[in-house]
There are 4 protein chains.
Amino acid sequence: MLIVMDQKATQAEIDSVVAAVESKGFVARPIPGGDRVSIGVLHNKGVVEPSLFLGYPGVKDVVPVTRPYKLVSREVQPEDTIVRVGDVGIGSGHFTIIAGPCAIESEKQALTIAAAVKRSGAHLFRGGAYKPRTSPYSFQGLGEEGLKILARVREETGLPVVTEVMDETTFDLVVEYADVIQIGTRNMQNFSLLRRAGQINRPVFLKRGMSATIDEWLMAAEYILEGGNRQVILCERGVRTFVHHSRNTLDLSAVPVVRKESHLPIVIDPSHAAGRRDQVIPLSRAAAAVGAQGLMVEVHHQPEESLSDGAQSLYPQQFEQLCRQVEAIFGVHSGIDPKR
Amino acid sequence: MLIVMDQKATQAEIDSVVAAVESKGFVARPIPGGDRVSIGVLHNKGVVEPSLFLGYPGVKDVVPVTRPYKLVSREVQPEDTIVRVGDVGIGSGHFTIIAGPCAIESEKQALTIAAAVKRSGAHLFRGGAYKPRTSPYSFQGLGEEGLKILARVREETGLPVVTEVMDETTFDLVVEYADVIQIGTRNMQNFSLLRRAGQINRPVFLKRGMSATIDEWLMAAEYILEGGNRQVILCERGVRTFVHHSRNTLDLSAVPVVRKESHLPIVIDPSHAAGRRDQVIPLSRAAAAVGAQGLMVEVHHQPEESLSDGAQSLYPQQFEQLCRQVEAIFGVHSGIDPKR
Amino acid sequence: MLIVMDQKATQAEIDSVVAAVESKGFVARPIPGGDRVSIGVLHNKGVVEPSLFLGYPGVKDVVPVTRPYKLVSREVQPEDTIVRVGDVGIGSGHFTIIAGPCAIESEKQALTIAAAVKRSGAHLFRGGAYKPRTSPYSFQGLGEEGLKILARVREETGLPVVTEVMDETTFDLVVEYADVIQIGTRNMQNFSLLRRAGQINRPVFLKRGMSATIDEWLMAAEYILEGGNRQVILCERGVRTFVHHSRNTLDLSAVPVVRKESHLPIVIDPSHAAGRRDQVIPLSRAAAAVGAQGLMVEVHHQPEESLSDGAQSLYPQQFEQLCRQVEAIFGVHSGIDPKR
Amino acid sequence: MLIVMDQKATQAEIDSVVAAVESKGFVARPIPGGDRVSIGVLHNKGVVEPSLFLGYPGVKDVVPVTRPYKLVSREVQPEDTIVRVGDVGIGSGHFTIIAGPCAIESEKQALTIAAAVKRSGAHLFRGGAYKPRTSPYSFQGLGEEGLKILARVREETGLPVVTEVMDETTFDLVVEYADVIQIGTRNMQNFSLLRRAGQINRPVFLKRGMSATIDEWLMAAEYILEGGNRQVILCERGVRTFVHHSRNTLDLSAVPVVRKESHLPIVIDPSHAAGRRDQVIPLSRAAAAVGAQGLMVEVHHQPEESLSDGAQSLYPQQFEQLCRQVEAIFGVHSGIDPKR
């Protein structure tokens with residue numbers, strides 16, 4: 001960390017900041033500059049909070065230098081983490097496709113869609129049993145019945161299932177049924193839920209918060225790793241910006257950044273980024289090309305009858321197209337080092 | 001809701017959208033225009049999801065018209081809600097000041113600060129016992145011990161206490177001790193927590209999410225009212241934008257909008273908006289002038305020793321200045337209709 | 001356009017809005033709804049400004065329905081515009097690569113880089129002679145000398161050249177030398193410059209403004225087409241968001257939206273989006289995959305000696321890799337309808 | 001500036017960065033830390049571009065430390081600049097109100113509004129003769145005729161006039177008529193226009209760009225001061241964010257930041273921030289309270305007949321209310337040090 005002093009900071013002010021730094025167990029190293037002094041703060045372990053020094057007299061700015069995360073960092077583990085789910089290894093060099101409806105609506109609906117996405121090449125099935133909805137009056141998911149349908153889908157198709165967990169009350173129930181536990185965008189900083197997810201032995205699919213920085217997102221993953229669970233899949237799903245031609249703005253530069261900074265696999269959700277069906281296939285191609293390790297896509301055989309997110313769900317024949325296009329693109333750059 | 005058709009939509013496409021609207025129990029009213037047809041969707045009760053129609057052939061756009069919230073709306077309750085906490089009536093025409101440290105660190109710290117803020121004129125005391133922290137390695141609050149200290153502060157000073165509840169596990173414990181339950185920014189769309197808050201008989205202080213629209217924020221409040229608890233205080237605390245000279249961008253236009261749309265009181269938190277001490281007093285003056293019904297401000301007698309958010313905490317003498325300035329400004333415009 | 005009335009709007013208020021609409025030469029069509037009245041505004045030609053009606057008593061909201069642009073719209077011209085520059089047809093189904101340094105620094109620098117990028121497969125050469133710089137103290141470009149060097153590059157390599165025009169004073173001079181005139185991000189809404197660009201017979205490369213919506217961007221192009229120049233190439237170069245791991249956030253969903261709405265070709269600039277070399281190749285692959293019709297990339301043989309934007313410039317050997325990767329990906333999806 | 005090296009950077013890489021820094025005429029000072037080395041870059045004059053070093057092998061990050069501006073900085077001129085226009089001294093401790101229509105539409109319109117705003121207490125009159133409009137089909141202003149009407153308003157009312165200059169072609173003409181030259185949001189980084197404005201002896205009213213940081217805005221002002229014109233008034237008018245209940249988000253924290261960093265006066269434009277009449281008065285009160293030195297407000301006697309921005313224009317009687325409320329609030333805190 002670097003503490004930048006005012007041009008007119010007095011020696012007494014500088015001394016007092018140095019003393020404060022050292023009283024907290026760090027080493028302070030003043031760096032006289034052309035027109036002002038800066039103070040380097042050296043710290044072997046842990047992270048210093050910039051705000052600790054921002055309020056001192058004579059301090060103009062405090063600039064964090066090192067990253068706050070540890071266990072998720074490639075500096076700690078240089079090789080890629082591979083998250084195993086059944087036969088699938090997410091992050092292993094293959095491109096993993098997770099597909100299914102936004103919400104489980106009935107056994108028939110789930111089985112129909114699962115059969116279709118499997119046929120096209122999906123590796124995992126997704127579907128919500130507990131749905132976080134902006135409105136208390138919207139369909140909230142089938143709950144435990146939805147979980148049972150997911151189990152039925154797995155039995156019938158052999159596809160492992162991903163489903164969202166919304167709270168602590170239903171946590172154990174969801175863990176009982178799901179192969180991968182999803183923590184949604186709105187819960188990315190639900191730290192109690194993250195801690196709970198750190199204590200299980202089950203892969204966690206962690207969506208980026210709607211306005212989370214990459215540091216905050218990796219710190220959320222750090223909560224899970226710190227608890228002992230190292231099976232975390234990161235999922236970029238668009239961030240909120242002034243743009244309104246898509247529901248969110250897909251931040252694909254997150255892929256090279258995450259792959260450089262962290263060993264965890266990263267997957268793209270183009271459906272929630274776009275919010276409209278007609279952008280999903282182009283964004284999926286882009287995701288495969290940019291170096292992501294997989295996709296999560298919403299598919300529905302009757303989106304116009306869907307109880308949620310119908311507008312962004314692909315028809316099965318569109319999903320078939322998507323798989324063929326993505327496969328071809330991923331094939332091309334399999335010889336490419338995706339970290340560059 | 002208005003469904004806008006493509007310029008070249010066929011009559012068959014229009015008919016099929018009309019049929020779809022009516023099959024869902026709404027009334028469709030086609031409106032032939034100069035260069036295209038639009039279809040008005042009339043619905044007496046409930047809200048139609050735009051996405052239901054976005055994917056139909058021939059549909060260019062779907063435009064929501066009415067607001068999604070009901071119980072929080074001024075159309076349902078024209079008069080202001082007044083939330084009573086002890087002798088204080090938030091939203092009653094007085095300006096309510098809530099002050100205290102970010103986190104409770106010790107009984108001595110809490111009592112020292114509480115005495116100071118009371119002396120300056122604070123009406124409620126705030127302090128975190130359970131702290132949502134970006135890093136699992138940061139100080140997470142004293143937990144139940146913190147709650148006991150809060151109870152001690154109330155006894156000693158007579159100030160009602162506001163404290164954050166982070167999860168369902170500790171929910172009842174927090175309710176036992178707190179006069180007002182705070183739901184933080186990161187939990188604004190933790191719908192399980194919101195439902196739980198709807199079932200208690202205790203005021204809820206609901207912070208706006210970091211990138212929440214006003215509709216989403218009011219819908220979060222709707223969850224609480226829908227559960228039966230009508231004592232909700234809204235708190236604007238800055239939103240995340242490209243701006244980085246303050247931690248967040250305080251969105252003061254939210255005040256006239258919320259006061260027009262909803263009967264719930266709205267309070268400003270300048271400390272989290274600014275993230276730096278030197279912007280807190282100016283923003284507090286602006287909050288009093290714009291028509292907010294109160295402030296929540298962080299104060300610490302030794303911010304440089306603080307375990308969290310030290311950089312944005314005011315010194316007690318600065319808080320004293322803040323109270324005098326805000327009081328004078330609020331006095332001036334007490335004759336003003338704050339809804340204009 | 002749709003005018004949404006307050007739930008409690010009186011009949012007199014409704015009548016007065018209807019009269020106002022008709023006094024402006026439009027047709028008003030009131031639509032009684034379940035709980036409020038809306039008024040459709042029909043207009044055969046031109047665009048109605050929503051703000052005209054927003055201030056009337058009883059009006060709650062005004063919702064624009066049709067798009068404001070005409071000449072750039074696919075509704076006016078269904079087939080793709082192909083912009084011809086020498087042998088190259090931008091938008092013709094090939095993938096056009098424009099490459100070169102941020103700024104022309106010397107003849108030797110320009111010729112060295114031009115030779116390298118031509119060898120790797122670039123179709124056009126770029127380089128700034130007049131540079132818009134945030135600081136008046138930064139290198140501002142070589143001016144006319146830079147233009148002469150560009151002419152020299154064209155002679156030597158046969159590559160057409162793209163260069164930015166910053167103002168009216170130097171406009172004719174730039175037109176004299178350049179094959180394609182670039183209008184930069186900061187000038188996207190410099191309407192005097194746009195009008196001037198509408199009067200020449202030379203392709204215009206129009207970068208999206210840092211926080212422009214697609215509507216605003218297409219309207220900027222509309223200024224050029226309205227003046228009589230139909231040779232416009234759109235360039236997405238990232239928008240400003242809260243994200244700071246890249247200089248801007250590349251908005252790839254702009255590609256399917258622009259290709260659906262407009263007949264103009266769209267090209268991606270990954271260099272300014274990323275602001276860092278290590279994201280440029282992945283984003284270029286994504287651009288080729290998403291359906292863009294070309295790339296503009298910064299390349300420098302000695303970026304560490306560069307007078308501007310060194311951090312985002314690729315080394316020639318990286319540009320060679322980029323071309324091979326992008327070519328392979330574009331090859332894959334050349335059988336794909338990029339509008340889907 | 002601070003160059004942060006990778007944890008695993010080799011000594012050779014460090015040496016090479018040090019050599020590069022010194023080859024550019026700066027002093028490099030390596031700072032060994034706990035887990036990595038950082039290199040401080042000392043520079044007495046001018047600014048180092050971070051990007052110069054971002055691409056070197058072994059470099060993880062480059063952190064700018066000092067501000068890039070000089071002449072606009074309070075470090076260079078500690079006392080407030082007062083911009084004199086007629087009898088008015090903007091920045092002198094009084095609160096300056098600039099009011100008038102968005103565009104000059106006719107002599108009668110201008111004189112009517114000018115008389116009204118003068119009566120309520122406006123100090124300057126505003127009105128556009130050349131209007132930057134998103135659409136080429138919208139009303140573009142009366143041009144020179146509008147300037148003549150402005151001159152007429154000044155004669156009749158004695159109010160100095162502010163009007164926007166859009167380009168170099170009409171620059172001299174506008175300077176001939178206007179007392180204060182406005183450079184609009186979309187031209188904040190039209191550097192040719194800024195340089196031109198630096199060469200005149202006339203106050204310049206510089207609006208903040210829609211997504212400009214404060215550094216970029218102050219650098220735009222630096223262009224003007226660097227040219228020799230020190231009479232610059234800064235105007236915050238809202239920035240573009242995800243929020244859509246107001247046209248832009250008014251960034252009031254810019255006021256304490258600008259007042260701390262710069263000696264130039266800062267004024268608020270609540271009309272363009274809000275985009276809707278009903279937020280203008282509350283935001284004006286907030287502007288007066290936060291410590292701004294004035295307001296620019298749009299007023300129209302018949303906003304529903306207005307050719308532009310009708311929805312945000314106040315009626316004269318609302319402007320009268322605004323003046324009274326703002327006056328009272330400014331009166332209260334005239335004893336307040338607005339820099340705190």
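A:Gly291, which directly follows α10(A), adopts a positive phi of about 115°. The model is predicted: local features need pLDDT of at least 70 and side-chain atom pairs count only at pLDDT 80 or more, whereas totals for chains, interfaces and linings use all residues. Residues are numbered from 1 along each chain as its sequence is written, and chains are lettered from A and ligands numbered from 1 in the order in which they are written. Chain A contains 11 helices and 14 strands (DSSP runs numbered from the N terminus, H or I of at least four residues for helices and E of at least two for strands).

The C-alpha atoms of chain A occupy a box of roughly 75 × 45 × 35 Å along the principal axes. Of the 340 residues in chain A, 61% are buried (20 or more other C-beta atoms within 10 Å of the residue's own; exposed means 12 or fewer, partly exposed in between, with C-beta atoms placed from the backbone). The domain assignment divides chain A into domain 1 (2–63) and domain 2 (83–335); such bounds come from an automatic or database assignment. A distance of 44 Å separates the C-alpha centres of domain 1 and domain 2 of chain A.

**Helices α10(A) and α11(A).** The axes of α10 (residues 280–290) and α11 (residues 316–332) of chain A come within 9 Å and cross at roughly 25°. Axes are lines fitted to C-alpha atoms, for helices over the stretch in contact, and angles between N-to-C directions run from 0 to 180 degrees. α10(A) and α11(A) are therefore roughly parallel (under 35 degrees; over 145 is roughly antiparallel, 65 to 115 roughly perpendicular and the rest oblique). The crossing of α10(A) past α11(A) is right-handed (near helix turned clockwise from the far one by less than a right angle; left-handed if anticlockwise). In α10(A), 11 of 11 residues are buried, including A:Ile281, A:Leu283 and A:Arg285.

**Strand β14(A) beside β7(A).** Strands β7 (residues 96–100) and β14 of chain A run parallel, joined by 5 bridges; two strands pair if DSSP finds at least two bridges between them. A:Ile98 stands opposite A:Met296 of β14(A). In β14 (residues 294–298), 5 of 5 residues are buried. A:Gly294, A:Met296 and A:Glu298 point one way from β14(A), and A:Leu295 and A:Val297 the other way.

β10(B) runs parallel to β9(B) (residues 161–164) over 3 bridges, with B:Ile181 as the bridge partner of B:Thr163. On joining β11(B) (residues 204–207), β10(B) again runs parallel over 3 bridges, and B:Ile183 has B:Leu206 as its bridge partner.

**The open sheet of chain C.** Four strands in the order β2-β3-β1-β4 make an open sheet with antiparallel pairing in chain C. Its edge strands, β2 (27–32) and β4 (59–63), each pair on one side only. Neighbouring strands of this sheet are turned by 20° against each other on average, direction ignored. β2(C) and β3(C) (residues 37–42) pair over 6 bridges in the antiparallel sense, and C:Pro32 stands opposite C:Val37 in β3(C).
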